[in-house]
Amino acid sequence: MHPGAAIIFFMSAQFLISQVAYLVLRRAPFLRRRISDEGKRRLSFRPMAAAAAVSRDGLKKGIAEFYDESSGIWENIWGDHMHHGFYEADSSATVAGHRAAQVRMVEEALRFAGVSDDPLKKPMRIVDVGCGIGGSSRYLAKKYGSQVQGITLSPVQAKRAQDLTMAEELADKVSFQVADALEQPFPDGQFNLVWSMESGEHMPDKEKFVRELARVAAPGGIIIIVTWCHRDLLPSEEELKPDEINLLNKICKAYYLPKWCSAADYVHIAESLLLQDIKRADWSDNVAPFWPAVIKSALTWGGLTSLLRSGWKTIKGALVMPLMINGYKKGLIKFAIITCRKP
């Protein structure tokens, strides 16, 4: 798409979604009552990107409710992989190719981390941290014949993940539970592969998050973190620029995100924990077609009707989708992979 046309499209998408949300709030009594009951706090809670004072319990509750509400619409349009797709450079993504790109994201992450397909070396025990409705868990179980356990804060996601798993006759290999990634309900050293696909951005304590990933990893186990980050700071900088912080704050309000960090921060944490074979890569260009595709899917009749039925939290998420694109285009938001191995 020509850059000028892209800008017009994104602005039109944002305007249309805003107008639809306005009409819904004006004409749908049940939504007006719901928002009134929740109070103004839900509509204007304080920014989190700059270390705002939001309690951990409040953040967990917000994340759980957001995914309880929004997972159904996502599954209806995008299937059971609740994460970005991986696109080859300069490729033109087709509608049919987007779900394939999400599977490619899983495969590229495994390839980058050096996870072996050798029957004698493949991971037989896997944890999926922030499992969504279990797309990655089931894929990994089928690929490796592994036992996979998934955790999520969302009871709705955990139940849907288990239902889908039973439908695919994988219940003997894959299971799910509601649990906190910062306090995983597993003993030390249990998993050969520790998998976190786009859950790190929700963690209020990134060091504790990585420490928990390392704790449950078996000796020699591989840890894969695929996550949204902000850009690395320059040597002369102590923090992001005010306009960058402001943009991240707006995104945080909709997606229940605490303070952002950079990929370099993840590397420093891994180094401090004496993890080995630490690697990182910036995949921002490889996910560039994804957010325009999400917006386009939201503007279909099915997408709009599902959006309006889903509730206010999901509508807020739709309203800031163009901000995600803006952040990527500015080089502020990065889509990063960080992998390492427990000694």
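A salt bridge here is a side-chain nitrogen of Lys or Arg within 4 Å of a carboxyl oxygen of Asp or Glu. By that criterion, a search of the whole structure finds 17 salt bridges.

Colleagues, please note that this is a predicted model, in which local features need pLDDT of at least 70, side-chain atom pairs count only at pLDDT 80 or more, and totals for chains, interfaces and linings use all residues. Residues are numbered from 1 along each chain as its sequence is written, and side-chain values use heavy atoms, with hydrogens and water left out.

I begin with Asp117 and Lys143, whose closest N and O atoms are 3.8 Å apart. Asp117 sits in the loop between helix H4 (95–113) and strand S1 (125–129), and Lys143 in helix H5 (residues 135–144), 26 residues apart. Helices (H or I, at least four residues) and strands (E, at least two) are DSSP runs, numbered from the N terminus. Asp117 is exposed, at 54% relative accessible area, while Lys143 is partly exposed at 29%. Buried means under 20% relative accessible area, exposed over 50%, and partly exposed in between, with a 1.4 Å probe and protein chains only.

Helix H5 also holds Lys142, which pairs with Glu168 in the loop between helix H6 (155–167) and strand S3 (174–178).

Finally, Asp232 and Arg280 form a salt bridge at 2.9 Å, N to O. Because Asp232 lies in the loop between strand S5 (217–230) and helix H8 (242–255) and Arg280 in strand S6 (residues 276–282), the pair ties together parts 48 residues apart in sequence.
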